Amino acid sequence: MLVDELRGIYYILLKDLKAYYFKPPNISWGILFPLVLALAFSLRNPSGLAELAPGLIAMAAVFGTTSMEAIVITFERRTGALERLLLAPISIKSILMGKILGGTVFGFMITGVMTLISVLFFNMKIQSSLWFSLIIALTLLTLSSLGALVAVSVKEVFEAQTLSNYFRFPMIFLCGVFIPVSSMPQPLQVVAYLLPLTYSVEALRSITLGTSSVLNMLMYTMILGLYFLAFSFISNWLMKRSLR
Amino acid sequence: MMDAIALQGLTKNYGSLTAVDHISFNVEEGEVFGFLGPNGAGKTTTIRMLVGLTTPSDGSATVAGYDIIGDIVEVKRRVGVVPEASNLYDELSVWDNLLFTSRLYHVPKDELPGRVRNLLETFKLHERRDTKFGKLSKGLKRRVVIAAALVHNPRIVFMDEPTSGLDVVSAMSLRRLIRDLRMEDITVFLTTHYIEEADQLADRVAIIVEGKIIVVDTPESIKQSFRGEPVLEAHLSRIPDNSMIRELEPAGRVELRGDMVRIEVESLTEAIESLSRMVSQRGIQITDVNTHHPSLEEAFVAVTGVSPELMRIEKEGRR
């Protein structure tokens, strides 16, 4: 039943937030990380911070969603706790969605702090709160589902960390966080447009610089939505396969 | 009486390895069914198939009347599972773990606190309700895991090595609990490598070896069918030596266990005579003596060729 599945997603999310994400060390990291990031960049280059802010928000989203989530899933698999969820009368899709939402909520907290700093201190202007919220939500869901995909692909916690870095660092350097994609060599541009974060950064930048159009925003929304669905679908398939 | 669990040719292959090989048997409603076998015989794989943690390669099974492939969510709603590992959430309290499990099993909201409180009372966990699961002793963790398996009032409970690694007192209280479940007509599907435990608890027992079912019957019938020689056990006032063994050997197969001589005999009379002769010649006292027929454990050894003691050591070694 759909209601039972939705309830299951909600309770898994609540459990993960309580057991893992909302622990004092994680909350303090979630506040410190964007603060330090903002401070480092404002000291390095005080001018042009408003332009840099969307990239920093995207970077906060990358680390906020993937840092904990991949660990949570692999840790639970290692201790056998994930098996408890698989024993419950709830589908694998819903279990994964609960896990993905855990990463999304934690990422939302870190991204929220970074956005607040950007608005208050970097003079970043959000031209459309609706599009900004939608792009942030889709970015967090997409990155969180990527974290889930990483977690279900490996067995050990340290493997999840290593594999996450294979995605995280290239995304930070190739997706326009620091260097505009258009100024990169052609082959790197191709790689950049294969990565979902490029679309997030471009969308956020156009919203904050006031250059967005409805058509562009619809395109970014659709692309990020497709990435989210693809990552979730593959994670679900891999997890189902592991039960064969 | 309806079958709580029915397996028909259930098979699980992992590549070229057949872990469970076309097994068929039924478990009646309300019985405690012992599922025994050496390590790696296919016990846990069978449970995993029956509760939806892995899909069978061939064959079929129903649990609580529902097909384990087509209706696995319905099966999951009706069964409780006590896995071999105490795998609840270390960071959550006992109360939160039971509350979370109740919610996952769709226990109605208004019944939730009462249900959890009752379980805490039943399992004598009330004082530990706010303790984090990770901080509990092994025995207490096991109790919480069993409580979590019963939170939605299942009619069938799968228990995979429930007393493994527990101290004697915790294991005894768990066995008492299994008897209580039996009194409430709850079907218990129990795997254990403590054969005597199955002997005490199970109405019927299946023995699986290398993925194949060797026998399904009551413990008494299994003991009868594998009945070997009677055994004479005598505790002596002095630790016996090898010369005594040689003297007793004509009476049967002799083993020394500390101050005890154990003789598997064909004729009890002959063995008692030999023993009396030997002790009177040496001026030794017999401090205790008893005779018995082979146990389920001995029948198990006869069927599987595996020593339960060796199984336990292997199992503990893997922890």
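Four strands of chain B form an open sheet in the order β2-β1-β4-β5, with antiparallel pairing. β2 (17-28) and β5 (66-67) of chain B stand at the edges of this sheet, each with a single partner strand, so one side of each has no neighbour there. The model is predicted.

**Sheet in chain B**
- Strand β1 of chain B spans residues 3-14 and pairs with β2(B) in the antiparallel sense, over eight bridges.
- K12(B) has V20(B) of β2(B) standing opposite.
- In general, strands of a sheet pair through backbone hydrogen bonds, and the pairing may be parallel or antiparallel.

**Chain B overall**
- Chain B contains twelve helices and 14 strands.
- Along the principal axes, the C-alpha atoms of chain B fill a box of roughly 75 × 45 × 35 Å.
- Of the 319 residues in chain B, 42% are buried.
- Taking contacts in chain B between residues at least 6 apart in sequence, 68% join residues at least 24 apart.

**Contact between chains A and B**
- On the chain A side 19 residues take part, and they are in contact with 20 residues of chain B.
- Two elements of chain A, α1 (2-21) and α4 (81-87), are those that give two or more residues to the side touching chain B.
- α1(A) gives the most to that side, with seven residues.
- Sorted by class, the side of chain A that touches chain B has ten nonpolar, three polar and six charged residues.

**Helix pair across the two chains**
- α1(A) packs with helix α3 (residues 94-104) of chain B at an angle of about 160°, and their axes are 9 Å apart.
- That angle makes α1(A) roughly antiparallel to α3(B), because angles over 145 degrees count as roughly antiparallel.
- The crossing in which α1(A) passes α3(B) is left-handed.
- From α1(A), the contact is made by G8(A), Y11(A) and K15(A), and from α3(B) by F100(B), R103(B) and L104(B).
- By class, this contact of α1(A) with α3(B) has three nonpolar, one polar and two charged residues.

**Helix pair within chain A**
- Helix α3 (residues 49-79) and helix α9 (residues 196-209) of chain A cross at roughly 140°, and their axes come within 8 Å.
- α3(A) and α9(A) are therefore oblique to each other.
- α3(A) passes α9(A) in a right-handed crossing.
- On the α3(A) side, A53(A), P54(A), G55(A), I57(A), A58(A) and V62(A) take part; they meet L197(A), S200(A), V201(A), L204(A), R205(A) and T208(A) in α9(A).
- The contact of α3(A) with α9(A) has, by class, eight nonpolar, three polar and one charged residues.

**H126(B) and its surroundings**
- H126(B) is found in the chain B loop between α4 (112-122) and α5 (138-150).
- With 13 other C-beta atoms within 10 Å, H126(B) is partly exposed.
- When neighbours within four places in sequence are left aside, H126(B) is in contact with L120(B) and E121(B).
- W95(B) is 31 residues from H126(B) in sequence, and the two are 8.9 Å apart in space, C-alpha to C-alpha.

How values were computed:
Residues are numbered from 1 along each chain as its sequence is written. Chains are lettered from A and ligands numbered from 1 in the order in which they are written. This is a predicted model: local features need pLDDT of at least 70, side-chain atom pairs count only at pLDDT 80 or more; totals for chains, interfaces and linings use all residues. A residue is buried if 20 or more other C-beta atoms lie within 10 Å of its own, exposed if 12 or fewer, and partly exposed in between; C-beta atoms are placed from the backbone. Two residues are in contact if their C-beta atoms, placed from the backbone, lie within 7 Å. Ala, Val, Leu, Ile, Met, Phe, Trp, Tyr, Cys and Pro count as nonpolar, Asp, Glu, Lys and Arg as charged, and the others, Gly among them, as polar. Two strands pair if DSSP finds at least two bridges between them. Axes are lines fitted to C-alpha atoms, for helices over the stretch in contact, and angles run from 0 to 180 degrees between N-to-C directions. Angles under 35 degrees count as roughly parallel, over 145 as roughly antiparallel, 65 to 115 as roughly perpendicular and the rest as oblique. A crossing is left-handed if the near helix is turned anticlockwise from the far one by less than a right angle, and right-handed if clockwise.
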